[in-house]
Amino acid sequence: MTDPVGNCVVTELKGVWASLDRVTQTRTSSHSARLSYMRMKYFFFSWLAVFIGSWVVYVQYSTYTELCRGQDCKNTICDKYRKGVIDGSACSSLCDKETLYLGKCLSTRSNNQVYMGSWGDLEAVIKCQMEEAVHFDLGADTEPRKGAVLFDKPTKGTSVEKFKEMVFSHLKAKVGDQANLLDLVGLIISVADGNKDGHISLPEAKSTWALLQLNEFLLMIILQDKEHTPKLLGFCGDLYVMEKVQYTSLYGISIPWIMELFVPSGVRRSMDQWFTPSWPRKAKISIGLLEFVEDIFHGTFGNFLMCDTSANNFGYNAKHDLKMVDMRKIVPEVTFKDLIRDRHCETDEDCVYGMDCRTTCDQTKKKCTTEVIQPNLAKACQSLKDYLLRGAPPEIREELEKQLYSCIALKGTADQMEMEHSLILNNLKTLLWKKISHTKDS
């Protein structure tokens with residue numbers, strides 16, 4: 001006989017068990033769903049990280065291969081050297097002995113190759129021009145050059161006297177009709193004699209002619225005895241080797257480009273000023289920059305304009321003596337005026353070369369005027385303002401700030417206000433020198 005109570009209990013137990021089973025299945029299903037979601041999320045972010053990493057590597061590699069073409073430069077130069085087209089003091093070391101070594105790439109433009117390297121036991125910087133034709137363009141990042149670098153001048157049969165006449169005419173057009181221009185021709189002929197045998201060969205003359213189209217090369221010859229100009233060590237074609245500068249920026253810190261995108265400009269400027277030498281050493285470096293301004297202001301062979309006073313164009317050595325790192329944007333005033341006077345313009349912004357050489361637009365003629373708005377000294381003081389005021393001794397800070405702002409306020413060409421220009425420059429140098437002359441940093 002069947003027990004109705006027992007049957008009821010069994011039925012209830014089966015129902016409870018079924019409910020528990022459904023709950024378990026639901027929880028298992030929910031847990032499995034969460035696991036599946038976490039896996040998908042992990043997979044997605046892993047894929048995203050790999051994609052971004054690969055993209056960064058690709059961009060960096062593409063940028064490097066585009067900017068750093070030192071091997072191409074070397075191959076081109078050595079090919080012309082072996083064919084007897086060019087010659088120079090660095091050719092044998094670069095192409096035969098291979099003791100001139102191109103190391104770390106510092107190029108920021110593909111047509112201006114810059115490498116840290118070594119020449120035997122000497123550390124050096126090697127610069128090479130890649131494109132055959134580079135013309136003056138007020139908006140371009142290359143330095144102004146005329147004609148193509150084909151090493152086709154001087155031609156075969158040109159005498160040394162004729163070559164000197166070519167150099168004289170070129171320099172007259174570039175720096176103006178200076179009374180002592182023949183002295184500059186003599187300096188260039190001396191440099192052109194790469195093997196120092198007392199004779200200028202045709203290949204040596206072709207190398208020298210190509211290099212004379214470059215402002216930096218010409219400046220290194222003109223200022224070869226000046227403390228703040230890196231020494232020219234040698235050349236081959238339009239490749240030249242110069243003294244290495246130990247610290248290659250006046251101030252600042254290099255950070256990965258991806259971080260640059262997220263750092264506000266104001267914060268970036270503050271960060272740059274954090275990573276600087278002690279104030280007495282900054283003062284000594286600043287005095288060096290002011291002395292360099294003097295060197296190129298109505299110097300032995302004319303006046304030159306500083307058209308980019310960015311911090312990375314100025315460096316210094318272990319003794320904290322200022323050394324120029326990049327002089328490609330320092331142009332002869334005569335050349336600048338000749339080229340800009342025919343420049344068509346709509347606004348003043350059309351009359352700018354580099355970062356800092358600005359003139360005004362004549363609205364009646366729609367042509368740029370030839371007089372720069374700010375002299376070199378004002379632009380140098382603008383670069384030094386934050387650099388010098390940060391950490392300045394309290395007892396001179398107010399006077400220093402006053403003098404810097406007076407300097408920045410200079411307008412017009414330096415020869416229009418030569419007395420004021422000299423007075424401000426000397427006062428600023430004296431103020432800094434008095435403060436550091438008794439310290440070991442001087």
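Me: Is cysteine 351 buried or exposed?

Reply: Cysteine 351 counts as buried, because its relative accessibility is 0%; buried means under 20% relative accessible area, exposed over 50%, and partly exposed in between, with a 1.4 Å probe and protein chains only. The model is predicted: local features need pLDDT of at least 70, side-chain atom pairs count only at pLDDT 80 or more, and totals for chains, interfaces and linings use all residues. Residues are numbered from 1 along each chain as its sequence is written, and side-chain values use heavy atoms, with hydrogens and water left out.

Me: Which cysteine forms a disulfide with cysteine 351?

Reply: Cysteine 368 does, with the sulfur atoms 2.1 Å apart; a disulfide is a pair of cysteine sulfur atoms within 2.5 Å. The link is left-handed, with -90° about the S-S bond. Cysteine 351 lies in the loop between α11 (333-340) and β10 (352-353), and cysteine 368 in strand β13 (residues 367-368), 17 residues apart. Helices (H or I, at least four residues) and strands (E, at least two) are DSSP runs, numbered from the N terminus.

Me: Where is threonine 359, and what is it in contact with?

Reply: Threonine 359 lies in the loop between β11 (357-358) and β12 (361-362). Leaving aside neighbours within four places in sequence, its contacts (heavy atoms within 4.5 Å) include Cys351, Cys368 and Phe336. Threonine 359 is buried, because its relative accessibility is 0%.

Me: How many disulfides does the structure hold?

Reply: The structure holds eight disulfides. One of them joins cysteine 73 to cysteine 128, with the sulfur atoms 1.6 Å apart. That link is right-handed, with 100° about the S-S bond. Cysteine 73 lies in helix α2 (residues 70-82) and cysteine 128 in strand β3, so the pair ties together parts 55 residues apart in sequence.

Me: Changing topic: what is the strand order in the open sheet?

Reply: The five strands run in the order β1-β2-β3-β5-β4, with antiparallel pairing; two strands pair if DSSP finds at least two bridges between them. The edge strands, β1 (100-105) and β4 (232-236), each pair on one side only. The twist averages 30° from one strand to the next.

Me: Which helix packs on the sheet?

Reply: Helix α7 (residues 215-222) does, touching β3, β4 and β5 (239-243), and its direction makes about 45° with that of β5. Axes are lines fitted to C-alpha atoms, for helices over the stretch in contact, and angles run from 0 to 180 degrees between N-to-C directions.

Me: How many bridges pair β2 and β3?

Reply: Strands β2 (residues 112-119) and β3 (residues 122-129) pair over eight bridges.
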